[in-house]
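Let's take a walk through this protein together. Have a look at the model first, and then we'll go through how its pieces sit against each other.

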Amino acid sequence: MLDRLLAIERLNAWIGAISAWSLLAMTLIVGFEVASRYLFNAPTIWAWDINIQLMLLLLMLGMAEAYRRDAHVRVDVLTSLLSERGKAVVEVLLAPVFLFVVCILAWTGWEYFLDSYTRNQTASTIFAPLLWPIKFTLPLGGALLVLQGIVKLVRDIRTVVHGPQSGQENA
């Protein structure tokens with residue numbers, strides 16, 4: 001079972017790293033657009049659309065990696081006073097709510113993608129790129145976050161039952 005948990009974490013780390021590269025691509029595209037617009041008086045018709053799509057890719061495919069690294073925003077005023085086992089108990093109790101919300105995200109993301117795919121939807125801009133490929137990141141990112149949530153839940157249950165594990169492996 002530990003192998004499966006580690007495989008999910010490695011997958012999320014790998015996909016998170018790929019999504020991080022979209023930030024570099026966005027930076028280069030904005031730089032190109034600024035140079036084209038202000039130096040050559042020749043703005044592009046595609047930079048805005050591509051950057052919006054890259055931002056969605058960064059967000060949706062980076063969520064599970066942020067959760068894996070515990071890099072998300074949280075208010076831990078009360079939980080910071082708890083032991084590791086106490087924190088794990090709180091996480092186990094809240095996990096069903098988290099997983100429910102993320103499952104809804106994945107499900108509605110799938111419906112949103114499927115609607116876009118069946119209509120061969122394009123953006124309402126001059127460039128008009130297809131939208132369904134980037135909308136696929138909605139259910140994919142949601143599914144990756146569900147998997148990472150399950151990994152965290154299993155680890156939290158182990159902490160509750162066996163106490164804090166020294167050297168818990170993270171991908």
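Before we start, here's one term you'll want: a crossing of two helices is called left-handed if the near helix is turned anticlockwise from the far one by less than a right angle. Also keep in mind that what you're looking at is a predicted model.

Now find helix H1, which covers residues 2–39. One of its partners is helix H5, residues 137–162, and H1 passes H5 in a left-handed crossing. The two helices pack at an angle of about 135°, and their axes are 10 Å apart. Why is H1 called oblique to H5? Angles over 145 degrees would count as roughly antiparallel, and the angle here is about 135°, so H1 ends up oblique to H5.

Arginine 155 makes a salt bridge with glutamate 9, and their closest N and O atoms are 3.4 Å apart. Since arginine 155 sits in H5 and glutamate 9 in H1, the pair ties together parts that are 146 residues apart in sequence. In total, the structure holds ten salt bridges.

Next, follow H1 over to helix H2, residues 47–68. Here the packing angle is about 155°, with the axes 8 Å apart, and therefore H1 and H2 are roughly antiparallel to each other. What sort of residues make up this contact? They split into 16 nonpolar, six polar and four charged. H1 passes H2 in a left-handed crossing as well.

Finally, turn to the surface. Trp110, Leu114, Tyr117, Phe136 and Leu140 form a nonpolar patch there, with about 430 Å² of accessible area together. Helix H3, residues 84–118, gives the largest share of the patch, three residues, while leucine 140 lies in H5.

Note on methods:
Residues numbered from 1 in each chain as written. Predicted model: local features only at pLDDT ≥ 70, side-chain atom pairs only at ≥ 80, totals over all residues. Heavy atoms only, no water. Axes fitted to C-alpha atoms, helices over the stretch in contact; angles between N-to-C directions. Helix = DSSP H or I, 4+ residues; strand = E, 2+ residues; numbered from the N terminus. Parallel < 35°, antiparallel > 145°, perpendicular 65-115°, else oblique. Nonpolar A, V, L, I, M, F, W, Y, C, P; charged D, E, K, R; others polar. Patch = residues over 30% accessible without salt bridge, like charges linked within 9 Å, V, L, I, M, F, W, Y side chains within 5 Å. Areas by Shrake-Rupley, 256 points an atom, 1.4 Å probe, with all protein chains shown as cover. Salt bridge = Lys/Arg side-chain N within 4 Å of Asp/Glu carboxyl O.
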